[in-house]
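Hello,

Here is the structure I promised to pass on. Please have a look, and then read my notes below.

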Amino acid sequence: MTMFILLLSITCLIFLSIKVKLHPFFTLLSVSFIYGLLSRISFLEILTIIKDAMGSAITSLGLIVLIGTVTGGLLEISGATDVIAKRIIKVTGKKLSPIGLALTGLLVSIPVFCSSAFILLAPLAKKMSREANINYMVMIVSLSMGCLIPTTFIPPTPGPLAAIDVLSLEMGKVMLISLIFGLALIGVVYFCATWLGKKYPYPENNSLEEEKNEEKPKSFGFIAAISPIIVPVILIMLKTFLIESLSNYDWLQHLLEVAGTTEIALIIGLILALILCLKNNIDTTIWQFDGVFGKSLQAGAQILIIICAGSGFGAVLQATDLKMVLAKLLVGSSLGLLTPFLIGVIFRTAIGSITVSLLTATSIIAPIVPAMGYDNFTGGMLVFLACASGSFMIFHGNDDMFWAISTASKLDSKLAYKVLPLASIILSLTSFFIVFILSKVLL
């Protein structure tokens with residue numbers, strides 16, 4: 001019965017999004033109540049669960065999303081995205097520019113939440129689409145999948161971090177191996193994005209064409225242009241990896257503790273982006289209500305409320321016995337690495353959250369890892385990669401990242417449902433195939 005309710009809820013989610021074209025916020029709220037009520041949770045309890053989840057999402061992501069959106073707007077109006085796009089295209093060539101964008105998304109998403117990373121880099125993706133004369137859909141897929149790879153495979157992002165803790169794996173070794181694994185997937189992202197861009201091209205619109213004629217001379221180079229993106233990344237990573245080694249330098253440790261906090265680091269990036277605008281003599285009304293600040297906050301607020309609604313839906317899903325039902329489907333099977341992969345697939349498809357699906361999948365599989373014959377580091381690493389490969393699919397409307405992508409890139413939900421789930425399936429199956437080959441070579 002639980003699985004039937006889940007399938008019915010997901011069907012309603014897709015129907016309301018594609019056919020009714022209801023705003024994602026109200027779509028997710030509606031489906032949350034449908035699933036909750038059919039699961040015999042009282043109306044008021046569902047409301048409380050949603051409110052608590054939304055509050056938690058705002059607390060953890062509110063500033064990050066809003067600051068990232070404003071920074072992205074400033075980078076676009078200052079011309080920084082134009083400078084970055086031209087440099088990446090110069091290095092990779094126009095044909096391979098989606099690889100450069102995917103790599104940028106991967107690197108930024110290691111310290112920054114993937115939704116925020118996509119929002120921050122979306123203007124760059126648009127600019128690179130024009131510069132390289134490649135359909136915007138190719139860039140959307142490249143950037144979105146690039147941003148999702150660290151969130152799924154590479155610690156210290158929350159999901160992988162929780163998973164390797166459950167499996168008792170050594171952090172340093174996992175980081176190195178998973179980073180290499182993630183970089184190897186970038187090639188798959190490129191071919192996937194190119195194919196999907198041809199099959200489902202982004203509709204041309206006049207606004208993109210108009211912006212081509214708004215070129216202005218830039219008074220800064222590539223290093224200055226990319227500093228609002230890369231400086232926060234460096235600060236956050238320095239805090240992550242160096243904070244404990246600075247115990248003998250209290251003032252430096254305190255400085256890094258503050259500057260490396262995600263929100264503070266992003267504010268520093270915002271200030272750097274604002275300086276770029278001022279260097280190009282951009283009208284100072286940009287920070288007023290009707291300027292870039294105000295317009296970016298409007299867009300960011302819409303993205304944030306959709307993320308909050310997605311968190312609410314995920315919380316309602318987790319409030320039922322769904323985990324137990326899904327666990328019983330596969331635990332005890334003798335499918336080898338296919339077992340953690342399928343557990344990851346089922347939880348990601350059902351619940352949406354990569355972090356939850358990774359944590360739950362590894363928690364379920366951990367007790368039987370020795371019986372499966374994977375009780376050394378190599379075996380445990382392969383189990384983790386199998387779980388992560390499964391947790392990459394299927395990417396659809398129960399994940400708040402899905403709505404962040406479609407909203408920030410102004411991608412119609414019907415088209416988003418055709419492209420993004422298919423991209424995640426391709427990446428998921430390919431990554432598991434690599435894991436399977438590695439298991440035959442290493443074990």
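**Around helix α6**

Just after α6, Asn133 takes a positive phi of about 55°. This is a predicted model, in which local features need pLDDT of at least 70 and side-chain atom pairs count only at pLDDT 80 or more, while totals for chains, interfaces and linings use all residues. Residues are numbered from 1 along each chain as its sequence is written, and side-chain values use heavy atoms, with hydrogens and water left out.

Helix α6 itself covers residues 114–132; helices here are DSSP runs of H or I with at least four residues, strands are runs of E with at least two, and both are numbered from the N terminus. The helix has a kink of about 45° at Leu121, shortly before the proline Pro123. That bend is the angle between axes fitted to the seven residues ending at a residue and the seven starting there. Because 18 of its 19 residues are buried, α6 is largely enclosed by the rest of the structure (buried is under 20% relative accessible area, exposed over 50%, partly exposed in between, with a 1.4 Å probe and protein chains only).

**The whole protein**

You will find 21 helices and zero strands. The radius of gyration is 22 Å, close to the 22 Å that the globule rule gives for 443 residues, so the protein is as compact as a globular protein of that length (the radius is taken over C-alpha atoms, and the rule is 2.2 Å times the number of residues to the power 0.38). Along its principal axes, the C-alpha trace spans about 65 × 55 × 45 Å. Of the 443 residues, 55% count as buried.

**Helix α21 and beyond**

Ser413 sits in helix α21 and counts as buried, at 16% relative accessibility. Which residues does Ser413 contact, leaving aside its neighbours within four places in sequence? They are Ser17 and Trp403, with contact meaning heavy atoms within 4.5 Å.

Leu443 lies in the segment after α21 (413–442) and is partly exposed, with a relative accessible area of 47%.

**A loop residue**

Ser245 belongs to the loop between α11 (222–242) and α12 (250–259). Its relative accessible area is 48%, so Ser245 is partly exposed. The C-alpha atoms of Ser245 and Ala132 are separated by 44 Å, and these residues are 113 apart along the chain.

Best wishes
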